[in-house]
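Please take a moment to look over the sequence and the model that follow.

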Amino acid sequence: TFSSFRIPEIENMTEWSEETEWHRITFDGQNLSTQQEIERYEGVFHLIIAGKQIRIQQSPVKTHATVGLTLWDSSIVLAKFLERMAQKDPTTLKGRKVLELGAGCGLPSIAAAILGAEVTLTDTARIVKKMRENAALNLEEGNYRYQVRELTWGKTGTSKFKPVDVLLGADIVYHETIALPLLKTAYKLCDENTKFYLAWEMHDVDAAQLFWKRVGDYFMVEQIDVHQLDDYYRSSEINVLCLTKILRVEVPVTDQPTDTIQQPHQ
């Protein structure tokens, strides 16, 4: 399932700017249907998970301040990966406590709930309303176990959210100022058995550089083999990673990036 993950050559990647598109990638399968292409970034997006049609309300992204209100491609890739993982082994999600960081529109969390998990969707205060709307739209009351909570990285206490069996994140490394708070919050939420599935696509060079310099202080990093992803909803631009907590007495506190990266499991 896993393979070694080579730390990306950040300096050779293209950074997002206000003049370029954020996320118009091509999935490795066939092209999106005409209807999906129309609704992909502008309206209610439809996706099937475990035979159930999901509807995700979104707003077009304009600036960093609105990133949580649109549906990112990595969210789709992660949601379909969860579906495929659960098809092979339902116990990976059924009955598990799942928490998504920076859930935004909430697609991976909604998928996890449909697949039998007990889910907590989290994001900042201004995003909570959108998460709650999408969760209510897709997860009928009484049929699924979920809650919507505010969680600001580096500020909100984590003890009330634990235990966490599976931690999720999709396109949450998007700005330099949040890279370290994200790592520290994720570290505190995890124990040695928690699986942290992170779908990652390059958007911000400074954020990516800091994140990948420091991730080895907190987690071992493994890459999910491409053949474990959905045959269609995957892209060469999106990595799905599995992070496992490195046990330490205390959370690393220095803000100075280390020069080395903890090697991934072989």
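In this predicted model, the count of salt bridges comes to eight. Side chains of opposite charge can pair when their charged atoms come close.

The side chains of E140 and K52 meet in a salt bridge, with a distance of 2.9 Å from N to O. This pair links distant parts of the chain, for E140 lies in the loop between helix 4 (125-138) and strand 6, K52 lies in strand 3, and the two are 88 residues apart. Strand 3 itself is made up of residues 52-56. The two side chains are also joined by a polar contact of 2.9 Å. Is E140 buried, partly exposed or exposed? With a relative accessible area of 34%, E140 is partly exposed, because buried means under 20% and exposed means over 50%. The surroundings of K52 include other residues as well: leaving aside residues up to four places away in sequence, K52 touches L47, I114, N138, E140 and Y144.

A second salt bridge is formed by D231 and R84, whose closest N and O atoms are 2.9 Å apart. D231 lies in the loop between strand 9 (219-224) and strand 10 (239-245), and R84 lies in helix 2 (residues 73-88), so the pair ties together parts that are 147 residues apart in sequence. The two partners may be described by their accessibility. D231 has a relative accessibility of 52% and therefore counts as exposed, whereas R84, at 19%, counts as buried.

K129 forms a salt bridge with E133, and the closest N and O atoms are 2.5 Å apart. Why are K129 and E133 separated by about one helical turn? They are separated in this way because they are four residues apart in helix 4. K129 is exposed, with a relative accessible area of 57%, while E133 is partly exposed at 31%. Elsewhere, salt bridges that share partners join R84, D231 and R234 into one network.

The aromatic residues come next. How many aromatic pairs does a search of the whole structure find? The search finds seven. One of them is formed by Y187 and F219, which are arranged edge-to-face, at 6.2 Å centre to centre and with 70° between the planes. Here too the pair links distant parts of the chain, since Y187 belongs to helix 5 and F219 to strand 9, 32 residues apart. Y187 and F219 are both buried. Another aromatic pair consists of F211 and W212, which is also edge-to-face, with 5.0 Å from centre to centre and 90° between the planes. F211 is buried, with a relative accessible area of 1%, and W212 is buried as well, at 2%.

The peptide bond from K162 to P163 is cis, with omega near 5°. P163 is placed in the loop between strand 6 (145-150) and strand 7 (166-170).

A50 has a positive phi of about 50°, although it is not a glycine. A50 is found in the loop between strand 2 (45-49) and strand 3, and at 46% relative accessibility it counts as partly exposed. D171, likewise a residue other than glycine, has a positive phi near 55°. Where is D171 placed? D171 is in the loop between strand 7 and helix 5 (176-189). With a relative accessible area of 6%, D171 is buried, because that value is under 20%.

Definitions and conventions:
Residues numbered from 1 in each chain as written. Predicted model: local features only at pLDDT ≥ 70, side-chain atom pairs only at ≥ 80, totals over all residues. Heavy atoms only, no water. Polar contact = N/O pair within 3.5 Å; in protein donor to acceptor, adjacent residues only side chain to side chain. Contact = heavy atoms within 4.5 Å. Buried < 20%, exposed > 50% of the residue type's maximum accessible area, 1.4 Å probe, protein only. Salt bridge = Lys/Arg side-chain N within 4 Å of Asp/Glu carboxyl O. Phe/Tyr/Trp six-rings, centres within 6.5 Å; stacked < 30°, edge-to-face > 60°.
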